[in-house]
Amino acid sequence: MKDTYDVIIVGSGLGGLVSANLLAKEGLRVCLLEKNQQFGGNLQTFSRDKVIFDTGVHYIGGLAQGQNLYRYFSYLGIMNALKLHPMDPEGFDIVTFNDDPQDYPYAQGYEAFSNTLLKQFPQESQAITTYIKTLKWVCSNFPLYNLEPKEAGYNMEVFQMGAKSFIDSLTENETLRAVLAGTNILYAGTAQTPFYVHALSVNSYIESAYRCVNGGSQITKLLLKKLKEHGGEAYKRHEVTSFTVSNGQVTSVLLKNGKELKGNLFISNIEPKQTLTMVGEEHLRKAYRNRIKNTDNSIASFSVFIVLKPGTFPYLNKNYYHWKDYKSPWEALDYTQENWPLGYMASMGIEKDQGIYGETLTGLTYMRFEEVEPWANTFNTVAEKNERGQTYEEFKQAKTERFLNVLEQKFPNLRNCIKSVYASTPLSNRDYIGSYRGSMYGYTKNHENPLKSILSPKTKIPNLYLTGQSLNMHGILGVTIGAVNTCSEILGREYLLTKILDSENALIDS
Ligand SMILES: Cc1cc2nc3c(=O)[nH]c(=O)nc-3n(C[C@H](O)[C@H](O)[C@H](O)COP(=O)(O)OP(=O)(O)OC[C@H]3O[C@@H](n4cnc5c(N)ncnc54)[C@H](O)[C@@H]3O)c2cc1C
């Protein structure tokens, strides 16, 4: 490790990894610092009983040839090496409800998506057509989503459209409304969520949906390999404790191990509220501090990670989004102790040479941080092992049982197929990722006040930038685009986009 770098990046989540690569590719001397034992943040995998689980990547959209993430990952040089498995074209996501025996599949490709919905809702042709047309139009308003070099404008018509209000306006049919909102665990949707958040997520999966074979950590490994090829450096178990500010510029970062690293530019890939504390509030204007402090974080989650007995539970090449009733997709965050969980996503891991039976099933649902408040002052990760105590274990056990009961309503034979079950709570996410109160997806967006929650990658300190899921959008696609946006501030948007487009043309020519 050197003492000085051109760019120091704090946090090796996807935003940090992509930014590190984009800048190292330009010949800048980049150093990426990660506090954990594993790089990747939410891209991390872990294993139990010799099988692999993903923590934060169940499926990825936009990865078919020519689509947006495919093009960005190609520029980063990782696309060809990714081990992906296409999900069921006739239904990669299935929306279901208690007391409704029907499966409502989302098919891949707009024609199939539309035809499948029309088969189930033959009277709703206009609603379905308007939904698709609007979805595509909204996505066309985001230049980097479409790899266009022009600056993003803020078309208020787009930013002020609410997801729920727009979907509700399409039809009086309660079932169709619920089906169109039915995958909104993808973005923790509430009545305040803007429609663009829905559109940018759902569109990418309708275009194509893939699972990562043996987990999403392959993205991390490939990006690290590329970073090293470009001369960049990355260090895990190197926690940054503060940024040093002198004469209005960041001059160095201090590490927990006592080391100081100097740099010219700094990018923080960690939660912006945490970044404020590490910079020292006195170095930032009050209005800026308050804006970040007062931005709400999305809700946290509770997951069950089920190891299946061999040969018992068929591999399902699709996700299930299951809800208590048609109102639940927008109300599931406001659960009570009695009715939790009101909905969940169930997804399976895929291994190389996947056979008929699956090895793992993960269930993901909402959980507010207040539920784990009694243990909020404990900290536990693999690198820093600590017990949270017996009462926490009992809490986890009780919630796991509750969740399994609800999963069993959809998958009646599930309990007989379980070899072992593990669970994660908002505390796991907080301790591993550093997310504020275990928040799943960073900052929430609000169509009633859309610009309030959109943070610029530039901070009020000229050589300190932000990246990661709290900025533009969360998700593998959203964070990758966010990193391109951050690096555009450093390299110039037109310059960077032209390079990406030129590299595509060079490939076509060869
Ligand atoms: C349960 C769950 C399921 C998801 N499923 C999907 C999915 O199926 N598809 C999809 O596209 N997206 C999914 N996502 C979202 C996606 O995983 C995230 O949006 C994305 O990975 C976040 O990237 P990030 O750059 O913000 O970094 P993060 O993942 O937030 O990582 C930040 C990194 O910074 C490190 N760090 C923090 N503090 C310090 C410090 N002081 N010093 C050094 N390092 C530090 C952390 O350890 C961490 O490695 C899911 C998210 C969750 C929570």
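Which segment holds Lys2? Lys2 turns up in the segment before β1 (4-10), with helices (H or I, at least four residues) and strands (E, at least two) taken as DSSP runs and numbered from the N terminus. The model is a predicted one, so local features need pLDDT of at least 70 and side-chain atom pairs count only at pLDDT 80 or more, while totals for chains, interfaces and linings use all residues. Residue numbers start from 1 along each chain as its sequence is written.

Lys2 is exposed, with 9 other C-beta atoms within 10 Å. For burial, the count is of other C-beta atoms, placed from the backbone, within 10 Å of a residue's own: 20 or more is buried, 12 or fewer is exposed, and anything in between is partly exposed. Lys262 sits 260 residues from Lys2 in sequence, yet the C-alpha to C-alpha distance between the two is 9.0 Å.

On to the chain as a whole. It has 17 helices and 19 strands. Its radius of gyration is 22 Å, close to the 24 Å that the globule rule gives for 510 residues, so the chain is as compact as a globular protein of that length. That radius is taken over C-alpha atoms, and the rule is 2.2 Å times the number of residues to the power 0.38. The C-alpha trace spans about 65 × 55 × 50 Å along its principal axes, and 49% of the 510 residues count as buried. Of the contacts between residues at least 6 apart in sequence, 71% join residues at least 24 apart, a contact being two C-beta atoms, placed from the backbone, within 7 Å.

Next, the ligand. There are 35 residues around it, and Gly11, Gly13, Gly15, Gly41 and Gly468 come nearest; a residue is near if its C-beta atom, placed from the backbone, lies within 6 Å. Two or more shell residues come from each of α1 (14-24) and α16 (475-491). By class, the shell has 15 nonpolar, 17 polar and three charged residues, where Ala, Val, Leu, Ile, Met, Phe, Trp, Tyr, Cys and Pro are nonpolar, Asp, Glu, Lys and Arg are charged, and the others, Gly among them, are polar.

Helix α2 (residues 68-76) is largely enclosed by the rest of the structure, because seven of its nine residues are buried. Among them are Arg71, Tyr72 and Phe73. Just after α2, Gly77 takes a positive phi of about 85 degrees.
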